[in-house]
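Reader: I am new to this structure and would like to learn how to read a few of its features. Please show it to me and take them one at a time.

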Amino acid sequence: MRRVSRIAVAGVATASLAVVLSACGGSSTEASSGGSAKTKGIGLAYDIGGKGDQSFNDAAYAGFQKAETDLKISGRDIEPQDGESDADKVQRLEQLAKSGYNPVIGVGFVYAPAVKEVAAKYPKTTFGIIDDEQDKAANVADMVFHEEQASYLAGVAAAKATKKDHIGFVGGVDIPLIHKFEAGYVQGAQSVNPKIKIEKQYLTQTPQEGGFSSPDKGKDAAEGQIEAGADVIYAAAGLSGQGVIQSAASHKVWAIGVDSDQYKQDALAKYKDYILTSATKDVAGAVYNLAKSVADGKPATGVVRASLATGGVGLADSNPAFKNNADLQAALKKAEAGIKDGSITVKTS
């Protein structure tokens, strides 16, 4: 019977680490500390957009760094390539597993086929995948989140912050995972104002078309929604979300970030006064805790699902304009309590 471990979720702050080019054309970091004869430490393969997206991938990188530092293990992280195939992802994961890294983690649902294939070839290595739970192999940890719960809170915040009763949503790719973000956001906003107007747009139909990696597409979408009248826009679009934030700042309207606390990201510092909040999910904690479970000799496997109740998703409160808005905070407190006690069931589609 497959063991299912519940991993506690811990917040992790992003720090800087030197980056070097790897022989295969991606980028990787190497640490010389720690490790053992059986494992070199943690191996991480990034999602579309790569490191530097100030969002999903950077959250994974923060967990990677914390694992290296706190567990005194080495690590290697590898960037994706433009227009790559599943075979490229398989090769990347095999490269990490064959080199002795354990765990090996694929950042994002796009790694699902590759993790399934490579985990079968390396049964003694623990594999992790973020945002997917299709693979039920005994040596795979499926790290997933209740994104819809944080998005519900984002919707409440947007409905409270708008001056026009008109808000927007930009999704990176038109897929079920991002539908969860939209569904929660719309439901949360409508819980405050059933008649609120909501603009909605998906940037692409497939990840390969750049929906998660094209700030210009995000900017164009935001420009259209702002022109239509929206004054708060929530983007669940990875790197493309940077374009949404840039557009919001240029028009002096609110943006709501995603995955990481984007108010605190250095690359977005000049826009931060227009980042109301961010719907966060603790990808960093998921990465770190899987690495720790392997280092402790008790590898976690099975579905690990983070929620508001576990502290694995939520809203960032770094912006004083958000944190000090008493009316908004009271509404959020009520909504969060309802989600936790089950009186509010958040939709996923």
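Author: We can start with a charge over a ring. The charged end of Lys51 sits over the ring of Tyr61, with 4.3 Å between that end and the ring centre. Keep in mind that this is a predicted model.

Reader: Which residue lies over the face of Tyr288?

Author: Lys66 does, at 5.0 Å from the ring centre. To count such a case, the NZ of a Lys must be within 6 Å of the ring centre and within 35 degrees of the ring normal.

Reader: Next, rings with rings. How many aromatic pairs are found in the whole structure?

Author: The search finds five aromatic pairs. Take Phe169 and Tyr185: the ring centres are 6.1 Å apart and the planes stand at 40 degrees, so this pair is tilted. The reasoning rests on a cut-off, because planes under 30 degrees apart count as stacked and those over 60 as edge-to-face, with the rest tilted.

Reader: Where do Phe169 and Tyr185 lie?

Author: Phe169 is in strand β8, residues 166-173, and Tyr185 is in helix α5, so the pair ties together parts that are 16 residues apart in sequence.

Reader: Is Phe169 buried or exposed?

Author: Phe169 is buried, as its relative accessible area is 0%. Tyr185 also counts as buried, at 0% relative accessibility. The cut-off for buried is under 20%.

Reader: Why is the pair of Phe169 and Tyr234 edge-to-face?

Author: Their planes are at 65 degrees, with ring centres 5.8 Å apart, so the pair is edge-to-face. Here strand β8 holds Phe169 and strand β10, residues 232-236, holds Tyr234, so parts 65 residues apart in sequence are tied together. Tyr234 is buried, with a relative accessible area of 0%.

Reader: Which residues form one aromatic cluster?

Author: Phe169, Tyr185, Tyr202 and Tyr234 form it.

Reader: What classes of residue line the largest cavity?

Author: Ten of the lining residues are nonpolar, three are polar and five are charged.

Conventions
Residues are numbered from 1 along each chain as its sequence is written. This is a predicted model: local features need pLDDT of at least 70, side-chain atom pairs count only at pLDDT 80 or more; totals for chains, interfaces and linings use all residues. Side-chain values use heavy atoms; hydrogens and water are left out. Ala, Val, Leu, Ile, Met, Phe, Trp, Tyr, Cys and Pro count as nonpolar, Asp, Glu, Lys and Arg as charged, and the others, Gly among them, as polar. Rings of Phe, Tyr and Trp (its six-membered ring) pair if their centres lie within 6.5 Å; planes under 30 degrees apart count as stacked, over 60 as edge-to-face and the rest as tilted. Helices (H or I, at least four residues) and strands (E, at least two) are DSSP runs, numbered from the N terminus. Buried means under 20% relative accessible area, exposed over 50%, partly exposed in between (1.4 Å probe, protein chains only).
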